[in-house]
Amino acid sequence: MERAPARGVLGKSLAFISQSSSRHPFIVLLIAALLSVGAWLAAKDMRVDATFLGIVNDNEPVAQHFYDVSKAYGGSENLLLLVECDDLENGKAFLKAIQPKLQKLETWIKAVDIQLTVPLDDIPEEAVVLPTDALKSLSSELEKNPGFYKRFLQNPGLGSFSQSFEEQLPKLAQSSATDAEKARAAQGLETVLTVLEQAVNNNKTPSETALAELFGASIKKENEGPSWEETYLQDGWIVSKDKKALLAIVQLRGNLLDRKLGVHYFAKIIEETDATLKDFKNLKAGYAGAAAYGYEDQQNVLYRTRLLSGLSLLLVLLLFLFIDRSLFGPFIVGLPLLLGTLWTFGLVRLFIGYVSLTSAVFGILLFGLGVDFAIHIVVRYNDSRASGQSHDDALWTALVLTGRGVVTGGLTSAIAFFGILVTDQKAAQHLGITTGLGLLCCLIAMLTVLPALLTLTQRWKRVERNNSMRVPLLERWVRWVTEHPKGVLAGAILLLLASLALFPQAHVEYDIEKIATKDAVAVKTKNRVEELFEVNTDFALCVCKTLEEAQEVTAKLRNNVPSISRVDSITDLFPANKDEHKAQLTALSSQIIQLCPTVPNLKRDFVEGDMKRVRGLLRKILALGSLQLQMGGQLSADEKTALTSTLERVKALLKQLKSAPPEKLAALDAWLRSRTTRLVKPFIEKTARSPILSDMPEMVRNKFIDKKDRIIVLAYPKESMLDGDAIQAFFEDLKKVNKDATGIGQIVFLFVSRTLDDLPLLIFSVSFVVLLVVSLDFRSAKLAFLVFMPLIFAIVYAVGAVILTGQIISVLMLSGFPLILGIGVDDGVHLVHRVLEDPKAGVVHAVTQTGKAILMTSITTMVSFGGLLLMNHHGLEGLGFLVTVGVGLCFITSVTIFPAVLTLVAPRIPEMQNLCK
């Protein structure tokens with residue numbers, strides 16, 4: 001065969017590579033090896049940034065504000081630990097066991113709250129921080145029962161308390177007592193029994209909730225509905241309505257942007273939890289929250305990406321055996337792929353400086369795309385050898401003739417990825433730069449290393465190759481299409497219109513739960529928490545510079561903001577009206593001074609008389625209760641059951657008190673005295689001022705005050721922060737009240753919405769640049785039209801298939817369109833180049849010969865991206881479906897619409913006028 005002269009810079013360059021690879025293959029491989037060593041030296045100590053901060057725009061004001069606020073606050077999210085059990089005491093024991101283990105992970109965990117009560121020992125002057133309404137309730141209580149409180153305040157302790165309560169019982173048992181009085185009596189009786197049971201059975205002091213009830217601070221207003229706390233809080237424990245679940249709050253340090261992907265501390269939390277669970281039977285525990293869900297999603301994606309990247313490379317190399325039918329086939333394509341990958345990371349070090357999440361996972365893309373260059377070269381080389389050409393001539397044909405299309409196709413694919421740079425999203429930019437560079441490196445490796453390896457294997461084998469690949473069905477199909485071009489195009493257009501008719505049904509999904517890992521345990525736990533406790537796992541941070549601003553923000557957020565379920569604010573501990581609060585403090589102080597002119601003496605010993613009073617109180621309760629049961633005509637069945645249960649508790653207590661050592665009740669007596677003193681002293685000594693921030697205990701400050709002494713108001717949404725529409729509505733409401741509000745949900749929504757907003761510009765810019773490259777290559781608008789025609793049909797068909805099959809359309813799936821554009825245009829480029837190479841050979845010959853290479857490149861790409869269908873991840877499976885179907889349709893339209901159109905329009909194209917003769 002007489003070689004046609006190589007034309008242009010590209011043709012002469014390819015001819016030079018062909019001659020060098022044939023004559024000096026070792027020199028070519030040596031140069032490639034030196035480049036590889038240089039790339040390895042550049043990349044070996046490259047920093048790996050496996051955090052979201054590495055792909056989120058750190059110059060984005062919203063992201064930067066979130067990062068700054070969450071860093072000063074010390075966290076931006078919580079984990080909710082759900083414990084489901086048949087026995088609440090067993091669940092409480094588990095939480096007490098796991099709490100210290102989790103708190104040891106202080107690098108990541110800020111606090112573990114298993115009870116939502118502030119220990120009174122931690123509050124310097126706890127009574128002063130009571131809200132104004134609580135002060136009024138306490139003042140009213142003192143007015144109603146002055147004798148009771150006078151005796152108790154002057155001589156606090158079990159004996160005085162028992163005597164006073166015993167004197168009140170006959171009055172409360174009278175039929176003339178109001179419902180409110182009966183309710184208070186029942187509440188007081190429950191408190192007495194709980195306190196005594198804790199002291200006698202467990203040698204424990206009473207709870208802070210019980211103490212608050214003793215002094216009336218928790219009395220509710222009449223006709224006021226129960227709050228969330230009153231519904232779910234029992235003695236500080238968060239308990240479900242069915243009494244079969246407990247909830248604990250794990251406050252996290254740092255935020256989602258700082259966390260490294262794949263080395264998440266949540267694994268340590270799970271390890272500690274599972275180890276603790278082994279000691280508890282009939283109990284299960286799980287975590288809900290962004291950290292838990294993020295960890296599961298990361299682990300699923302990383303594990304399957306590593307597995308599928310290796311599997312993708314293996315399958316691609318095995319498929320190459322079908323093309324080359326030589327044991328050397330996988331080696332001659334695998335080595336250039338690996339070298340191209342190494343060169344890529346060397347360039348990534350130069351252009352980006354570090355490996356981010358998106359630049360680290362491009363392997364699954366590169367193996368499917370990079371091998372395409374090798375397929376076109378090897379298929380053409382084998383066809384030439386089979387037709388009788390020598391190795392040198394066959395290599396020249398493959399590189400100079402087919403290589404021109406390979407270069408154009410490679411450039412268009414790389415430019416398609418570089419086109420992503422028009423978006424300002426760092427994650428997309430990293431993917432575009434890395435994959436674009438990767439394609440160029442693989443293109444260079446396939447044009448240099450692959451021919452050198454072909455030369456060496458040919459020398460080593462010393463046999464003539466006859467590995468020409470045949471696809472008879474393809475030839476018959478193309479021939480039929482060229483015989484019925486009008487009918488084929490009419491059918492294609494009808495199918496196009498049908499696909500376009502489906503477009504209005506398309507809906508882009510914003511809900512992260514529906515586009516990320518399937519069946520995540522954390523999502524199931526989140527749904528269970530919301531079902532059992534009516535509480536959301538997410539919150540936002542509203543930043544206030546002053547207490548007055550925080551009070552204003554809190555009031556507005558609680559004033560029927562539609563998207564907010566609850567607001568936690570330190571302002572609940574401060575008076576809305578300082579003058580009113582100070583006046584109430586002064587009045588209450590006067591009442592206390594009248595009842596107790598001096599601070600109670602703490603040194604009085606617990607005496608036997610106190611024991612007698614306690615027993616006398618319990619006997620009187622038992623007697624009155626038994627009498628009420630005997631005359632219980634007015635009692636309902638439920639009331640009788642409750643009263644019977646109470647009397648059984650009283651009998652058990654009386655029996656236990658006979659054998660209980662006095663030390664147990666003595667400890668309770670001393671505890672009551674010390675707490676009473678701590679309640680009395682603030683009113684006597686500190687009535688000159690209202691509470692200030694410095695009065696707050698550390699537990700409260702950690703929750704509501706950041707390191708810059710700004711006050712943080714926590715706002716909880718009604719709906720999940722995994723839903724983009726809910727996120728948008730929630731933060732729009734927040735921003736109307738507090739312009740500095742921020743949260744993880746806002747960052748998630750920003751990341752998704754900005755990517756979607758940039759997508760039209762991205763597709764337009766990629767299409768424009770690719771069209772420009774193709775037009776420059778062929779120097780003809782008509783030929784460029786031929787290249788793009790099959791691609792346009794394929795993309796419309798692919799969208800129709802997505803809608804018709806009910807696939808979830810997400811930002812991840814939509815990112816596949818530039819990919820299909822870059823891949824699909826290669827098919828048309830190679831077809832047009834083959835037709836122009838020898839127009840006299842005819843449409844059927846040109847499309848069939850190039851079509852078998854396109855078939856194999858399509859299969860390898862479909863195999864690579866088809867692996868995403870096994871990711872167990874809605875978004876990645878959608879991406880895999882779109883690209884797999886899209887690339888397959890690109891092949892079908894290339895061997896159907898292209899020959900049909902070419903048959904009709906070839907006479908009008910000067911370069912192809914001899915095509916159909």
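A salt bridge is taken here as a side-chain nitrogen of Lys or Arg within 4 Å of a carboxyl oxygen of Asp or Glu. By this criterion the structure holds 15 salt bridges. This is a predicted model, in which local features need pLDDT of at least 70 and side-chain atom pairs count only at pLDDT 80 or more, while totals for chains, interfaces and linings use all residues. Residues are numbered from 1 along each chain as its sequence is written, and side-chain values use heavy atoms, with hydrogens and water left out.

**Figure 1. Overview of the chain.**
The secondary structure comes to 35 helices and 11 strands; helices (H or I, at least four residues) and strands (E, at least two) are DSSP runs, numbered from the N terminus. Of the 917 residues, 55% count as buried. Buried means under 20% relative accessible area, exposed over 50%, and partly exposed in between (1.4 Å probe, protein chains only). Among contacts with a separation of 6 or more, 83% join residues 24 or more positions apart, a contact being heavy atoms within 4.5 Å.

**Figure 2. Salt bridge between Arg528 and Glu84.**
The closest N and O atoms of Arg528 and Glu84 are 3.1 Å apart. Arg528 lies in helix α21 (residues 521-533) and Glu84 in strand β2 (residues 78-85), so the pair ties together parts that are 444 residues apart in sequence. Arg528 is partly exposed, at 26% relative accessible area, whereas Glu84 is buried, at 16%. Glu531 joins Glu84 and Arg528 in a network of salt bridges.

**Figure 3. Salt bridge between Lys268 and Glu271 in helix α11.**
The N to O distance between the two side chains is 3.6 Å. Lys268 and Glu271 are three residues apart in helix α11 and therefore separated by about one helical turn. Lys268 is partly exposed, with a relative accessible area of 31%. Glu271 also counts as partly exposed, at 47% relative accessibility.

**Figure 4. Salt bridge between Lys739 and Asp740.**
The closest N and O atoms of Lys739 and Asp740 lie 3.6 Å apart. Lys739 counts as exposed, at 63% relative accessibility. Asp740, in contrast, is buried, with a relative accessible area of 17%.

**Figure 5. Packing of helices α4 and α11.**
Two packed helices are described by the angle between their axes and the distance between the axes. Helix α4 (residues 88-103) and helix α11 (residues 266-277) pack at about 145°, with their axes 10 Å apart. Axes are lines fitted to C-alpha atoms, for helices over the stretch in contact, and angles run from 0 to 180 degrees between N-to-C directions. The crossing of α4 and α11 is right-handed; a crossing is left-handed if the near helix is turned anticlockwise from the far one by less than a right angle, and right-handed if clockwise. Helix α4 makes the contact through Phe94, Ala97, Ile98, Lys101 and Leu102, and helix α11 through Ile269, Glu272, Thr273, Thr276 and Leu277. These residues divide into six nonpolar, two polar and two charged. For this division, Ala, Val, Leu, Ile, Met, Phe, Trp, Tyr, Cys and Pro count as nonpolar, Asp, Glu, Lys and Arg as charged, and the others, Gly among them, as polar.

**Figure 6. Nonpolar cores.**
A nonpolar core is a set of buried Ala, Val, Leu, Ile, Met, Phe, Trp, Tyr and Cys residues joined through side-chain atoms within 4.5 Å. The largest has 120 residues, of which Phe320 and Val774 touch the most other members. Helix α30 (residues 781-804) gives the most to this core, with 15 residues. Apart from it lies another core, of 41 residues, including Val192, Val195, Met611 and Leu653.

**Figure 7. Ser674 and Gly157.**
Ser674 is found in helix α26 (residues 662-685). It is partly exposed, with a relative accessible area of 22%. Ser674 and Gly157 are 517 residues apart in sequence, and their C-alpha atoms are 9.2 Å apart in space.

**Figure 8. Positive phi at Lys243 and Asn282.**
Most residues other than glycine have a negative phi. Lys243 has a positive phi, near 60°, and lies in the loop between β5 (237-239) and β6 (245-252). Lys243 counts as partly exposed, at 37% relative accessibility. Asn282 has a positive phi of about 55° and lies in the loop between α11 and β7 (283-288). Asn282 is exposed, with a relative accessible area of 65%.
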